[in-house]
Amino acid sequence: MADPRTDRRELGRQLTEWQVHGVVDPAIPGNQGRRGGAGPSDHRALTIEGTTVMVPVYTAVAATSPYQLCRDGQGGVDVEGPGPGPVATAVSVPGEPRFYGLETAEGIPYRSIALLHGRDVLATTLLQTCIRFRDRSQACQFCAIEQSLDDGRTLVRKTPEQVAEVAEAAVRLDGVKQLVLTTGTPASDDRGARMMAETAAAVKQRVALPIQAQCEPPADPAWYRRMRDAGVDSLGMHLEVVEPEVRRRHLPGKSELGLEQYFAAFSDAVAVFGRGQVSTYLLAGLGDSADSLIRCSERLIEVGVYPFVVPFVPIAGTPLEHHPAPATDFMVEVYSAVGDLLRRSDISSEAMAAGCAKCGACSALPLFE
Ligand code: SF4
């Protein structure tokens, strides 16, 4: 009998192949995904064998991918590869969520306030600017946070009331299961924690929705308790890359806070949110060796932090738009080792209350756990 774990890892390899190469998309109808903005972007969601994955479709690399979305003639979608016949059939493309058809009393479209990510995650960037973004000598080189402001697709600042209104509708109309709040970094010592707390409190007053907040480590650790008390269930603080030289090269401003300061912040946050309710992004493919990523993940797991390893996806319009994505074999090597570490630990993507690791659509790591 086939080992289900082997099958999951095979699926994980296939999905990684699509994530690193992207997929040519001849505008198949459905939720079109998003361009620009914070974090992983320029992609749309596909569901295969019950797993939803975000696949780059709007990047330069995706335009020349050997993989392509095709209609199967029966209302479904296949993915075709370089060889004859489809590499995957019965792929579904999540439809446009119903809440996208609504707007606030002032006429602001709900989709300018928050977007559907993956299959059932509502996500918003509370502050769509960042203290570092305008100065490229300080900005994280992969980030496109202000791009979606330029063409009016989103608001600079989403108020707690606006997010709560959209969250209530997204739960009622589209069965959304969790909310991810992220932010560009404001020029305040709390690093966005205050906005997270205020928004979580407003959302929880209207709807019981698990919430992950994502921000840089606040200067005062008291903010972890304040966010938790306001209704934040889990917290993401993102290292992005780990080797000192790679951090300086790609995060010239943000790397002023070193790895050891992040680990001190992780300990403070885990003391409040609990083991496995704090996570961090690790962007693989920007220069860190597999060994560095795996050793850092081991240390993170030891302190109770989920290492959410994702393949770096170059976003159009950023200084790294032509940087190559990592090789599939490199990703599978890291996923396999980190998956083994997670399986032997007391933390897992499934046990997280909310957040990117729980959603898992930007990484195949959960399939390797
Ligand atoms: S993993 Fe995070 S960024 Fe990716 S689709 Fe899910 S919620 Fe959005």
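Is F368 buried or exposed? In this predicted model, where local features need pLDDT of at least 70, side-chain atom pairs count only at pLDDT 80 or more, and totals for chains, interfaces and linings use all residues, F368 counts as buried at 1% relative accessibility. Residues are numbered from 1 along each chain as its sequence is written, and side-chain values use heavy atoms, with hydrogens and water left out. Buried here means under 20% relative accessible area, exposed over 50%, and partly exposed in between, with a 1.4 Å probe and protein chains only.

The rings of F368 and Y335 have centres 5.3 Å apart and planes at 35°, so the pair is tilted. Rings of Phe, Tyr and Trp (its six-membered ring) pair if their centres lie within 6.5 Å; planes under 30 degrees apart count as stacked, over 60 as edge-to-face and the rest as tilted. This pair links distant parts of the chain, with Y335 in helix α10 (residues 328–343) and F368 in the segment after α11 (356–359), 33 residues apart. Helices (H or I, at least four residues) and strands (E, at least two) are DSSP runs, numbered from the N terminus. Y335 is buried too, with a relative accessible area of 0%.

The structure holds five aromatic pairs. In one of them, the ring centres of Y281 and F308 lie 5.1 Å apart with the planes at 90°, so this pair is edge-to-face. Y281 belongs to strand β11 (residues 278–284) and F308 to strand β12 (residues 305–311), so the contact ties together parts that are 27 residues apart in sequence. Both Y281 and F308 are buried. Elsewhere, ring pairs link Y262, F263 and F266 into a cluster.

The strands β11 and β12 lead on to the sheet that contains them. This open sheet of seven strands has the order β6-β7-β8-β9-β10-β11-β12, with mixed pairing. Two strands pair if DSSP finds at least two bridges between them. At the edges stand β6 (115–117) and β12, each with a single partner strand, so one side of each is left without a neighbour in the sheet. From one strand to the next, the twist averages 30°, where axes are lines fitted to C-alpha atoms, for helices over the stretch in contact, and angles run from 0 to 180 degrees between N-to-C directions.

Within this sheet, strand β8 (residues 178–182) has five of its five residues buried, so it is largely enclosed by the rest of the structure. Q178, V180 and T182 point one way from β8, while L179 and L181 point the other way. In a regular strand the side chains alternate between the two faces of the sheet. Strand β7 (residues 121–125) pairs with β8 in the parallel sense over five bridges, and L122 stands opposite L179. Strand β9 (residues 211–214) also pairs with β8 in the parallel sense, over three bridges, with Q212 as the bridge partner of V180. Together, β8, helix α5 (residues 193–206) and β9 make a right-handed β-α-β unit; a crossover is right-handed if, with the strands pointing away from the viewer, the path from the first strand over the helix to the second runs clockwise. In the loop between β8 and α5, R191 has a positive phi of about 60° although it is not a glycine. R191 counts as partly exposed at 22% relative accessibility.

Further along, two bridges join strand β10 (residues 234–236) to β11, and these strands run parallel. G236 of this pairing stands opposite S279 in β11. M237 is found in the loop between β10 and α7 (244–250) and is buried, with a relative accessible area of 0%. The C-alpha atoms of M237 and E216 are 5.5 Å apart in space, although the two residues are 21 apart in sequence.

A second open sheet has three strands in the order β3-β4-β5, with antiparallel pairing. β3 (68–71) and β5 (86–91) stand at its edges, each with a single partner strand, so one side of each is left without a neighbour in the sheet. The twist here averages 25° from one strand to the next. Four bridges join β3 to strand β4 (residues 77–80), and D78 in β4 is the bridge partner of C70.
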